[in-house]
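Hi everyone, thanks for coming. Please have a look at the sequence and the model on the screen, and then I'll walk you through them.

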Amino acid sequence: MDTIWLTGAQWLAVLRIGLGLWWLESWRHKDKKGWFERGTGIAWAADVAARHRWSAVRSGFRRVVAPRPRAMAYVVVYAELALGLGLVAGFLTPVALAGGLLLNLLYFTLMIHDWAEQGQNAMMALISAVALFAMAWQTWSLDSALGWF
């Protein structure tokens with residue numbers, strides 16, 4: 001494979017780190033007080049889920065998320081932080097990539113009506129899949145330095 005400036009593995013590391021920075025920005029711009037104290041994030045998602053065109057999404061949200069809004073707020077917010085840190089540092093990278101792919105697919109499904117969210121989540125999921133299957137933890141990562149994976 002021919003590349004410019006960096007090797008193929010290094011470009012994959014750039015892609016992985018960029019995805020991690022994207023997750024960190026998603027975490028950074030969240031109103032944590034609103035999410036944790038007032039439940040704004042989960043309430044917004046509940047409103048979206050209640051009007052969703054697919055009954056599986058509506059019932060799944062009611063069954064899994066609605067009974068535990070506070071816990072789910074912490075799960076969402078800190079999952080985004082963990083994904084960002086893991087991908088930037090290259091720590092437990094395959095786990096972070098698979099987790100990010102799953103979270104983006106969940107977001108994608110919930111936000112099926114919102115074109116902006118569709119684009120962001122589709123691109124983040126695509127990057128996760130490429131980085132996972134290309135093993136983007138081989139360069140510039142703690143996983144590589146520790147000899148993991």
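I'll start with the whole chain and then visit a few residues.

A quick word on the ground rules: this is a predicted model, in which local features need pLDDT of at least 70 and side-chain atom pairs count only at pLDDT 80 or more, while totals for chains, interfaces and linings use all residues. Residues are numbered from 1 along each chain as its sequence is written, and side-chain values use heavy atoms, with hydrogens and water left out.

So, what is the chain built from? It has eight helices and zero strands. Helices here are DSSP runs of H or I with at least four residues, strands are runs of E with at least two, and both are numbered from the N terminus. Along the principal axes, the C-alpha atoms fill a box of roughly 50 × 30 × 25 Å.

Of the 149 residues, 37% are buried. Buried means under 20% relative accessible area, exposed means over 50%, and partly exposed is in between, using a 1.4 Å probe and protein chains only.

How far apart in sequence are the partners that touch? Contact means heavy atoms within 4.5 Å. Among contacts between residues at least 6 apart in sequence, 71% join residues at least 24 apart.

Ser128 gives us an example. You'll find Ser128 in helix H7, residues 115–133. Is Ser128 buried or exposed? Ser128 counts as buried because its relative accessibility is 1%. Leaving aside neighbours within four places in sequence, Ser128 is in contact with Leu19, Leu97, Gly100 and Leu101. Leu19 is 109 residues away along the chain, yet the C-alpha atoms of Ser128 and Leu19 are separated by 7.8 Å.

Now let's move to helix H6, residues 93–110, where Thr93 lies. Thr93 has a relative accessible area of 0%, so it is buried. Beyond its neighbours within four places in sequence, the contacts of Thr93 include Arg16, Trp137 and Phe149.

That last partner is worth a visit too. Phe149 sits in the segment after helix H8, which covers 142–146. Which is it, buried or exposed? Phe149 is exposed, because its relative accessible area is 54%.
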